[in-house]
Amino acid sequence: MQAIAGTRSTSPAYPRMSAMTQVAPQSAHTTLTDQRVLILDFGSQYAQLIARRVREQEVFCEIVRHDIAVDAVLARRPKGLILSGSPSSVYDDGAPKCDPQLFQLGIPVLGICYGMQLACEALGGRVESAESREYGRSQCYVVDAEDPLLAGFPDESEVWMSHGDQVSEVSDEFRSLARTDTCPFAAVKHTSLPVYGLQFHPEVTHTPEGKRLLANFLGAVCGCEGTWKLGDFAAEVIENVRRRVGDARVICGLSGGVDSSVVAALLSKAIGSQLTCILVDNGLLRKAEEESVVEEFTNHFKTDLHVVNAGDRFMEVLAGITEPQEKRRRIGAEFIRCFKEEASKVENAHFLAQGTLYPDVIESGAAPDGPAATIKLHHNVGGLPDELGFELIEPLRDLFKDEVRRLGLELGLPEELVWRHPFPGPGLAVRCLGEVTEEGLRMLREADAIVVGEIKAAGWYRATSQAFAVLLPVQSVGVMGDLRTYESTIAVRCVSTEDFMTADWSHLPYDLLARISTRIINEVKGVNRVCYDISSKPPATIEWE
Ligand code: XMP
């Protein structure tokens, strides 16, 4: 029985360029995180989405294991608990359960889908496979408009259901707050305990009033005042970094991506001239990428920036290599060598700053009491091994990507950089299929600049998550003037996604695609054919490799 459509993707995990080896102690930002909510993860693909929705309400939250000990919960003094969905059924053998004591602590609980079924079952109800399963949109009717959870909720509204089980009976101590045509207990409340349940998903955008519902739970029910402010967070991190670093130097690897740029900007505010940034130009960067990093961090932030021009070294190790994993491995190893050499020139450097984000911490299983490690599907952090001998500073390890972007803007980074699409660590090598050659990189770089430039000019960049060109290792016949050509093919890839684990190809307008194609064929010498990739992930991946 499946509660939420879709499973974790089966795409292969990327070998990390290095493992995230050191785990900082639990967030030290005590003042801002005093009012926290815990999200118990029962294996739902939506746990991180719930957490982001909670943060949007300016309430700090943490994702924890479903079987977290009651003492560990109490030690965090949470204002509320949210129980996520799960792909299991509560009556399955080995179904993930939480300690039923949690419902008796007087801490408000909101069970979502499986979380609700679990709460109702633990408190005397019955869960059954529903006669009619509900997947997708349903009309929801309010039964009890007086309850604070439903304050301001319209009498009738659309909600997103995704379940095969539903609560068939609740004990006398529960009452229904809302129903759908097939589900009499779409929202429930315990009469004497602060325990709520929702059969639908308030965290997804398909439940338009979901945001209000979560806001009601966090505010009216849990008493959270919305104290989680990014500006204050930045001030606190800056203070902590200053204290920790003293008069030592900190090294920060810059990639041109959002995360490392925000880390560098934050540290530059914290310790100014004690920061040294290192950008390894591996020759696999996009057009004008190095220049824009240099402009931002030398001219704007006045950082001590070392650029290592190592393009030739990378071309040497990549010569003759066509196998994608081997390319990745060699690029990773060469990157570490280059970084190490440059870092060894920096005197009094004790710390290494990295742009590890909260999803990385969660997915690697490194969060205290957090869920077990999941398959790491993508990673864009330029992790470095601890053999370098530095202490790690990871100022973004409590943040989600959208929070990092907002923080970047607050720190004065330009929109252009903050909203940059992700770019893989091994760079254009994963988009230059087969052997990576100077000639291939030239074509790819030019074509990529046209793709991104046209998508930006048409106002589509922010509406898409990743847009780029791929150089295919095939040549085909074409005609130019009176001449037959035998040249390369560029594939254009443009996708929309929330989490990069699943993605849809973007339905770009034909005239935009036509402009991209015409320009690439006219302007990029050596290309006579352009294709648009219309595959979703899964089963395809975003990168072609
Ligand atoms: P796929 O291709 O698996 O990619 O759909 C998902 C996300 O991960 C990025 N990606 C990488 N990032 N090193 C990285 O740092 C890599 O080797 C790598 N491969 C894929 C990809 O660009 C997308 O954002």
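This report walks through a predicted model, from its domains down to a few single residues.

## How the chain is divided

Let us begin with the overall layout. The chain falls into three parts: domain 1 (7-11 + 21-26 + 229-418), domain 2 (34-221) and domain 3 (437-532). Between the C-alpha centres of domain 1 and domain 2 there are 37 Å. These two domains do meet, with 17 residues of domain 1 in contact with 18 residues of domain 2.

The largest nonpolar core is made up of 50 residues. Helix α13 (residues 438-457) provides the largest share of the core, eight residues. Because domain 1 and domain 3 both give residues to this core, it lies between them.

Setting aside neighbours within four places in sequence, Val436 is in contact with Leu284, Met315, Leu318, Ile321, Lys327, Ala429 and Leu441.

Next comes an open sheet of five strands, which pair in parallel in the order β12-β11-β10-β13-β14. Its edges are β12 (304-309) and β14 (391-393), each of which pairs on one side only. From one strand to the next, the twist averages 30 degrees. On the β14 side, three bridges join that strand to β13 (residues 349-353), and the two run parallel. To see one of the pairings, find Leu352, whose bridge partner in β14 is Leu392.

Helix α7 (residues 289-300) lies across β10, β11 and β12, and runs at about 165 degrees to β12.

Helix α6 itself covers residues 258-271, 14 residues in total. From first C-alpha to last, α6 reaches 20 Å, close to the 20 Å expected at 1.5 Å a residue. This helix is mostly covered, with 13 of its 14 residues buried. Just after α6 comes Gly272, with a positive phi of about 45 degrees.

Helix α4 (residues 210-221) has twelve residues, which at 1.5 Å a residue should span 16 Å; the end C-alpha atoms are 15 Å apart, so the two values agree. The buried residues in α4 are Gly210, Leu213, Leu214, Asn216, Phe217, Leu218 and Val221. What covers them includes the strands β1 (36-41), β3 (80-83), β4 (109-112) and β9 (195-198), along with α1 (47-56). Just after α4, Gly223 takes a positive phi of about 75 degrees.

Thr207 sits in the loop between β9 and α4. Not counting residues up to four places away in sequence, Thr207 touches Glu158, Val159, Trp160, Phe200, His201 and Pro202.

Most residues other than glycine have a negative phi, and most peptide bonds are trans. A few places here depart from that pattern, and they are worth a look on screen.

Arg77 is not a glycine, yet its phi is positive, at about 45 degrees. Arg77 belongs to the loop between α2 (70-75) and β3. With a relative accessible area of 60%, Arg77 is exposed, because that value is over 50%. Ala288 is also not a glycine, and its phi is positive at about 65 degrees. Ala288 lies in the loop between β11 and α7, and it is partly exposed, with a relative accessible area of 45%.

Finally, look at the segment after β18 (527-532), where Pro538 lies. The peptide bond joining Lys537 and Pro538 is cis, with omega of about -20 degrees. The peptide bond from Pro538 to Pro539 is cis as well, with omega near 10 degrees. Pro539 too has its place in the segment after β18.

Conventions
Residues numbered from 1 in each chain as written. Predicted model: local features only at pLDDT ≥ 70, side-chain atom pairs only at ≥ 80, totals over all residues. Heavy atoms only, no water. Helix = DSSP H or I, 4+ residues; strand = E, 2+ residues; numbered from the N terminus. Expected span 1.5 Å × (residues − 1). Buried < 20%, exposed > 50% of the residue type's maximum accessible area, 1.4 Å probe, protein only. Core = buried A, V, L, I, M, F, W, Y, C linked by side-chain atoms within 4.5 Å. Domains from an automatic or database assignment. Contact = heavy atoms within 4.5 Å. Pairing = 2+ DSSP bridges. Axes fitted to C-alpha atoms, helices over the stretch in contact; angles between N-to-C directions.
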